[in-house]
Amino acid sequence: MFSLHKTLGGVHPPQCKDTRDCPCTWIEPPKQVRIPLNMHIGAPCTPCVEEGAHVYVGTKIGDGEGLCAPIHASISGTVTSVATEKLPTGATAPVVTIASDGKMENDPALTVPTYSGKDEFIACVRDSGVVGLGGASFPTWFKMRAPEGKKFDFVVINAMECEPYITSDYRQMIEHAERVIDGVVRVARALEIPAAVIGVEDNKPEAVDALNRAIADKGVGDIVEVLMVPTKYPAGGEKVLIEATTGRAVPAGGLPIDAGCLVLNVTTVSRVEEYFRYGVPLVRRTITLAGDCVKNPGNYRVPLGMIVRDVIEATGGLEKQPKKIIMGGPMMGRTVTDIDCPILKANNAILCLDKDAVLPEESPCIRCGRCVRVCPLGLMPYALDAASRRHDAVELDELAVMNCMECGSCAFTCPAHRRITASIREGKAAYRGEVARLTQPAKEA
Amino acid sequence: MNLIFEDSPHFHGSASTFKIMGAVCLALVPTLLAATWLYGLAAPLLVLVCIATALVCEHLCCAIMHRESTAGDMSCVVTAMLFAFTLPATAPVWVAVLGTAFAIVIVKMMFGGIGNNFANPAVAARIFVMVALPSALSSYPDVVGKPLDAITGATPLALEANPYSIMDLLLGNHAGALGETCVITLLIGYLFLLAIKVVDAWATVPFIGTVALIMGFAGEDVVFQLLSGGLALGAFFMATDYTTTPMTPKGKIVFGIGCGVITSLVRLFAAAPEGVAFSILFMNMFVPLIDRYTRPRPVGGVKNALV
């Protein structure tokens with residue numbers, strides 16, 4: 001049994017998980033999808049279909065080199081345009097628009113993948129198009145490649161879902177516990193990792209029961225273990241999760257591999273398993289639709305690239321005009337200003353908020369120390385905030401600005417309502433700029 | 001559809017500066033009631049004068065500085081109440097006005113307003129009044145109802161021997177500043193703030209502990225030393241001030257011990273009978289230094305690229 005390590009800091013935002021009992025339901029497939037080819041961290045894909053081409057569900061429409069994951073058509077129909085567009089995130093990338101033929105036919109060329117050995121397994125995971133589905137969107141196959149001289153000895157499954165409102169991971173565990181466990185075991189065996197631990201917050205006992213039942217049914221208790229972690233935001237932050245489940249700390253500037261851990265989101269691992277069972281790559285995902293403005297909050301399976309407006313309309317529409325639409329949870333999600341933006345691989349929720357949308361005005365820092373107390377990474381957010389606002393790169397360096405994971409706990413707890421997290425984000429950019437400026441001449445010489 | 005574009009987080013806790021400062025004011029109310037009972041109506045009148053002065057000063061300063069007024073956040077009310085608590089109930093009104101104005105204008109606003117003052121305004125003002133206007137504060141009234149010849153007297157710490165019982169000291173039944181004597185109500189207020197997590201005990205306990213230890217070694221009456229003078233007010237409400245004390249538990253312990261040592265040294269060796277205010281002001285100066293050297297170690301360590 002692992003010992004439970006007490007993690008630093010954290011906050012208790014209202015949970016708002018009213019959709020926890022809403023089973024994952026299919027919605028009417030859209031007439032059109034717009035699939036951006038930069039749905040992951042890394043290089044955007046290059047389109048490999050042309051205007052007018054016929055595609056099926058699962059037909060590859062884009063792929064690339066290096067840190068990249070292929071992207072597949074999510075509906076069957078005709079490609080109506082392949083064009084480079086400016087996306088709501090600010091980035092520019094090719095976007096493939098597909099008009100549905102209404103059939104939702106799977107690509108006949110799809111086959112159930114087989115593999116032998118680590119490298120073939122990782123190649124299959126790459127073909128599945130799966131990226132980190134908890135919100136990070138880091139290509140999963142790339143994560144699985146342990147660099148020379150480093151070894152994974154833990155698979156850590158992130159099933160915390162500590163963000164308020166979101167219940168899509170929870171539904172995955174309740175409805176597909178058996179598939180999750182199979183996926184974990186498959187990953188552990190294929191990558192020759194001896195042990196796996198699934199970290200779940202203790203506010204989801206039903207999920208823990210479901211997972212434990214599946215483990216008992218399959219007799220894989222020697223490989224996988226479920227660990228309940230006290231409910232506290234951000235228990236699902238990668239570094240916090242590793243600390244809580246294994247007691248290890250990821251060194252500054254390092255990756256989970258430096259602590260011997262392969263961290264995968266619970267839905268990610270379930271999708272990987274789905275691909276190995278049925279051969280259908282990542283073409284749709286479950287999203288939690290919630291907030292005080294939607295008529296029918298719940299968990300819905302939507303094709304990737306479906307327009308947010310269409311998703312809302314297909315589920316029954318809006319009750320009132322939202323002031324803010326957030327893709328993801330309220331602590332780390334991004335606002336969108338355009339309701340006609342597409343669903344991406346990493347979008348786990350759409351929140352339409354009215355009541356809680358407008359935040360209070362900022363006032364001066366009173367040095368109360370609450371931000372220092374809640375920072376899960378032991379940083380000094382008030383000092384980072386001040387240094388960021390005066391663009392003091394040296395001070396930011398001393399305060400370990402790059403350790404910050406932008407969880408938002410400091411800004412959440414600040415009685416002066418300071419936008420600490422936003423300011424640190426800007427500070428990071430300034431810091432990176434300064435480091436680049438100072439290291440450039442060294443490279444030239 | 002006009003949608004708000006904003007950086008995360010989009011959720012906010014319910015804490016606010018106003019609520020925190022309001023809670024501190026609330027915690028000071030029992031002591032104010034005790035002061036009224038002990039020293040008569042002069043006590044609450046003096047407190048009201050200080051509060052009014054503080055509100056006006058802060059508002060005017062903000063106006064002159066072309067800032068949005070921060071007078072409404074209650075923090076200047078806390079300062080005013082704490083300063084008033086250090087005055088004898090017989091203090092002239094002009095002294096109260098001058099002291100409060102010094103606290104708000106010179107110590108707080110001239111250094112940038114709330115959150116930026118390097119010293120506790122109430123403590124600094126108390127010392128200013130003590131040093132600049134010693135004659136105005138030379139006598140401390142004794143509690144009402146005592147024989148007329150005893151109405152003004154020396155505070156217990158200024159006396160050679162302790163004539164008071166523990167009960168008298170706890171209830172504040174002796175001569176002193178209006179908000180410093182009743183230890184019981186100060187403790188109630190402090191425990192209330194502890195319970196709602198507005199303050200912590202990281203500085204308070206080492207402060208009181210250090211005074212007890214040093215005074216014990218020096219052969220003084222420890223209980224008497226702890227219950228008299230401004231120690232309770234200082235340790236409960238001034239050493240827990242946000243702006244002028246360190247940020248981390250480690251830093252607060254250092255701060256508390258420093259305050260305790262200086263208070264004891266002043267009480268034992270200096271010409272002044274009381275050292276709590278001096279010790280807090282003195283340690284306020286070290287807060288940036290303490291903060292610098294008690295920084296928590298980030299999880300995973302630091303990887304510096306510039307330093």
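Chain A splits into two domains: domain 1 covers 1-27 + 111-358, and domain 2 covers 370-444. Those bounds come from an automatic or database domain assignment. Before I go on, this is a predicted model, where local features need pLDDT of at least 70 and side-chain atom pairs count only at pLDDT 80 or more, while totals for chains, interfaces and linings use all residues. Residues are numbered from 1 along each chain as its sequence is written, and chains are lettered from A and ligands numbered from 1 in the order in which they are written.

Back to the domains. Taken over C-alpha atoms, the centres of domain 1 and domain 2 of chain A are 27 Å apart. In contact, here, means that the C-beta atoms of two residues, placed from the backbone, lie within 7 Å. By that criterion, 15 residues of domain 1 of chain A meet 16 residues of domain 2 of chain A. On the domain 1 side we have nine nonpolar residues, five polar and one charged. For the classes, Ala, Val, Leu, Ile, Met, Phe, Trp, Tyr, Cys and Pro are nonpolar, Asp, Glu, Lys and Arg are charged, and the others, Gly among them, are polar.

And between the chains? There, 37 residues of chain B are in contact with 61 residues of chain A. The chain B side divides into 18 nonpolar, 13 polar and six charged residues.

One open sheet in chain A has six strands with mixed pairing, in the order β1-β14-β13-β17-β15-β16. β1 (25-26) and β16 (334-336) of chain A each have a single partner strand, so one side of each is left without a neighbour in the sheet. Further in, β15 (residues 324-327) and β17 (residues 349-353) of chain A run antiparallel, joined by four bridges. Look for A:Met327 there, opposite A:Ile350 in β17(A).

Another open sheet of chain A has four strands, β11-β10-β9-β12, with parallel pairing. Its edges are β11 (224-229) and β12 (261-265) of chain A, each with one side left without a neighbour because each has a single partner strand. Five bridges join β9 (residues 154-159) of chain A to β12(A), and the two run parallel. In that pairing, A:Val155 has A:Leu262 of β12(A) as its bridge partner.

Technical notes: Two strands pair if DSSP finds at least two bridges between them.
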